Amino acid sequence: MMTSKLDAVVVPVGCFDGDLDLFESQYAVPNGVSYNSYLIVDEKTAVLDTVDPRKTGDWLANLEQALAGRTPDYLVIHHMEPDHAGSISTLADKYPDMTLVGNAKTFPMLTAFTGRDFGDRALIVKEGDGLSLGAHTLTFYTAPMVHWPEVMVSFEKASGTLFAADGFGRFGSTNPDDPWVDEARRYYINIVGKYGVQVQALLKKAAGLDIKTVCPLHGPILSGEALALALEKYDIWSRYVPEDKGVLLAYASIHGNTARAALELAEMLRAEGLTVEAIDLARQDWAQAVAGAFRYSGLVLAASSYDAGVFPPMAQFLMRLKSKGFRDRTVGLVENGSWGPSAMKTMLGELEAMKGLDILEPKITIRSAATDENRAQMKELARAMAQAL
Ligand code: FEO
């Protein structure tokens with residue numbers, strides 16, 4: 001079938017997963033998550049990525065409908081993580097004449113996951129290679145560590161479409177009318193955040209392309225103002241600079257006294273004119289707290305002492321901040337300890353490993369429940385934070 005440039009289309013064929021308990025076995029997804037997959041229909045047909053095995057059946061039904069009796073000539077594998085690659089074997093078996101397109105790192109991973117060798121059906125591409133489908137040509141660009149080493153993106157010049165793998169993904173639906181920034185930030189910081197340098201490298205490659213539309217592997221397709229906003233946010237996030245002036249106040253309290261003090265401190269910070277987002281690390285979404293720490297210019301940590309260290313929800317939070325490359329923020333600290341307070345020393349030890357932090361005075365120690373002296377210290381800390389930001 002001959003297809004003109006204008007007739008050729010990109011059809012979303014992915015699936016929404018609304019009852020997944022934890023994405024990647026760790027991230028709460030109260031608004032669900034989508035596994036996006038696309039079909040390009042041209043003289044040749046290309047499927048771009050598969051879906052998580054939880055949705056293989058639904059996806060195949062979408063794909064068959066979009067194919068309208070044709071068979072796929074190519075499967076392009078941008079990313080081997082199983083939420084996108086988990087249905088490759090099924091598709092390859094269903095369409096034995098289909099060629100699998102990946103790079104030199106893709107196919108060893110595919111074999112490692114499936115125990116199968118697809119070498120006789122593999123088309124191995126490298127940086128800058130093109131795949132002509134007719135009026136449309138995909139050009140491939142490697143994007144290592146955005147967010148695995150084998151990741152590549154592809155650009156379709158005729159339509160100005162970037163197929164961005166995990167890049168520009170968002171938790172939640174594919175509805176472009178749903179707010180993008182908060183769930184995209186929570187997704188980016190927690191999943192890709194460690195690799196800001198590599199994201200900057202990808203953004204530089206993208207800047208040389210005339211991109212009109214971005215098709216990510218999670219969340220909505222982006223174009224126009226939504227795409228401009230996404231590019232602006234990705235530049236901020238991947239440079240580790242604060243997005244908003246304000247404070248993420250993260251607290252970890254065993255019996256509630258540390259929490260009460262933290263919430264009093266939150267009001268004092270607000271009285272200084274600061275925006276404050278307070279999160280109970282023991283009960284609320286820690287991934288939201290990690291994203292918030294990167295969002296704001298200030299961070300306050302308040303934690304109980306525990307086992308001669310710090311209460312585990314705070315220890316885990318600090319471990320995650322460190323692993324994501326948290327840096328260049330202003331930090332206030334509050335510890336609580338009824339005897340031998342140890343949280344401060346442990347928190348400071350973890351923060352020492354992070355670059356460019358400005359630790360404010362006073363560092364506050366509460367002995368069981370906040371006293372008036374503690375409240376005066378908290379006011380002083382709130383003032384110091386307001387001056388620093
Ligand atoms: Fe959505 Fe890195 O997989």
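In what follows, a residue is called buried if its relative accessible area is under 20%, exposed if over 50%, and partly exposed in between, with a 1.4 Å probe and protein chains only. The structure is a predicted model, in which local features need a pLDDT of at least 70 and side-chain atom pairs count only at pLDDT 80 or more, while totals for chains, interfaces and linings use all residues. Residues are numbered from 1 along each chain as its sequence is written, and side-chain values rest on heavy atoms, with hydrogens and water left out.

The average pLDDT of the chain (the predictor's confidence in each residue, from 0 to 100) is 96, and 98% of the residues score at least 70. Over residues 1-7, however, the pLDDT is below 50, and this stretch has 12 contacts in the model beyond near neighbours in sequence, a contact meaning heavy atoms within 4.5 Å. The C-alpha trace spans about 80 × 40 × 30 Å along its principal axes, and 55% of the 389 residues are buried. Of the contacts between residues at least 6 apart in sequence, 71% join residues at least 24 apart. The chain has 12 helices and 23 strands, taken as DSSP runs (H or I, at least four residues, for helices; E, at least two, for strands) and numbered from the N terminus.

Six strands form an open sheet with mixed pairing, in the order β11-β12-β13-β14-β15-β16, where two strands pair if DSSP finds at least two bridges between them. Since β11 (130-132) and β16 (222-223) stand at the edges with a single partner strand each, one side of each is left without a neighbour in the sheet. Within this sheet, β14 (residues 161-163) and β15 (residues 213-215) pair in the parallel sense over three bridges, and Thr 161 has Thr 213 of β15 as its bridge partner.

Aromatic rings were examined next. Rings of Phe, Tyr and Trp (its six-membered ring) pair if their centres lie within 6.5 Å, and planes under 30 degrees apart count as stacked, over 60 as edge-to-face and the rest as tilted. By this rule there are 14 aromatic pairs. The ring centres of Phe 23 and Phe 171 are 5.7 Å apart and the planes stand at 75 degrees, so this pair is edge-to-face. The pair links distant parts of the chain, 148 residues apart, with Phe 23 in strand β3 (residues 22-23) and Phe 171 in the loop between β14 and α5 (181-192). Phe 23 is buried at 3% relative accessibility, and Phe 171 is likewise buried, at 1%. By contrast, the rings of Phe 113 and Trp 148, with centres 6.2 Å apart and planes at 10 degrees, form a stacked pair, and Phe 113 is partly exposed at 47%. Ring pairs also link Phe 23, Tyr 27, Phe 171, Tyr 187 and Trp 286 into a cluster.

A charge is said to sit over a ring if NZ of Lys or CZ of Arg is within 6 Å of the ring centre and within 35 degrees of the ring normal. The charged end of Arg 320 sits in this way over the ring of Trp 286, 3.6 Å from its centre, and that of Arg 327 sits over the ring of Tyr 240, 3.9 Å from its centre. Arg 327, which lies in the loop between α10 (312-323) and β21 (330-336), is partly exposed, with a relative accessible area of 23%. Leaving aside neighbours within four places in sequence, Arg 327 is in contact with Tyr 240, Lys 355 and Leu 357.
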